[in-house]
Amino acid sequence: MDTERIRHGLQERLASLDHELGELTAVPRDPAAAVSFGKRIGEGTTEAIDRLTKVGTAEQLAAMRADVVRALGKLDDGTYGLCDRCGALIAEERLEARPWSVLCVRCASLR
Ligand SMILES: [Zn+2]
């Protein structure tokens, strides 16, 4: 296993996740943009929905970020490629598709 290549890929992924999260969670500079949800029909509502969508996306990104950080830690302690829950080998195709996988397919489906 080419751990240096994997580490590099994970670090790049971490940097881009941080960038995306930074943009998503940035506090709007215009106070009018922070409208309360449902008070006005129209622009404000669309914006509020847009913000809710962003919160959902940010949560997904944050969850992925936690996995990337964990996967980097696993590279350090030599358990990369092993499931965090049951200790089984994570399938190579899975690691290829999602190098930040820290659970095997079976355990991930139980999450
Ligand atoms: Zn497992």
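The model is predicted: local features need pLDDT of at least 70, side-chain atom pairs count only at pLDDT 80 or more, and totals for chains, interfaces and linings use all residues. Residues are numbered from 1 along each chain as its sequence is written, and side-chain values use heavy atoms, with hydrogens and water left out.

**Whole chain.** Display the protein as a cartoon. Of the 111 residues, 25% are buried, where buried means under 20% relative accessible area, exposed over 50% and partly exposed in between, with a 1.4 Å probe and protein chains only. Among contacts (heavy atoms within 4.5 Å) with a separation of 6 or more, 50% join residues 24 or more positions apart.

**L10.** Select L10, which belongs to helix α1. With a relative accessibility of 1%, L10 is buried. Leaving aside residues up to four places away in sequence, L10 touches V68, A71, L72, L75, Y80, P99 and W100.

**Zinc site.** Next, select the zinc ion with C83, C86, C104 and C107, whose SG atoms coordinate the ion at 2.3 to 2.4 Å. Donors are N, O and S atoms within 2.8 Å of the metal (3.2 Å for Na, K and Ca); water is not among the atoms, so sites may look incomplete. The angles subtended by the four donor atoms are 105 to 115 degrees, which makes the arrangement tetrahedral (all angles between 85 and 135 degrees). Along the sequence, the donor residues follow the spacing C-x2-C-x17-C-x2-C. C86, in the loop between α2 (43-77) and α3, and C107, in helix α4 (residues 105-110), are 21 residues apart and link distant parts of the chain. C86 is partly exposed at 39% relative accessibility, whereas C107 is buried at 5%.

**Largest pocket.** Finally, select R5, I6, Y80, L95 and E96, which lie nearest the centre of the largest pocket among its 16 lining residues. Helices α1 (3-24) and α3 (92-97) each supply at least two lining residues, and α1 gives the most, with five. The lining comprises nine nonpolar, two polar and five charged residues; Ala, Val, Leu, Ile, Met, Phe, Trp, Tyr, Cys and Pro count as nonpolar, Asp, Glu, Lys and Arg as charged, and the others, Gly among them, as polar. A pocket is an open set of points on a 1 Å grid over the protein atoms alone, where a 1.4 Å probe fits, with protein on both sides within 12 Å along at least five of seven lines; lining residues have an atom within 4 Å of a point.

Key
Helix = DSSP H or I, 4+ residues; strand = E, 2+ residues; numbered from the N terminus. Tetrahedral: all angles 85-135°; square planar, octahedral: opposite > 155°, others 65-115°.
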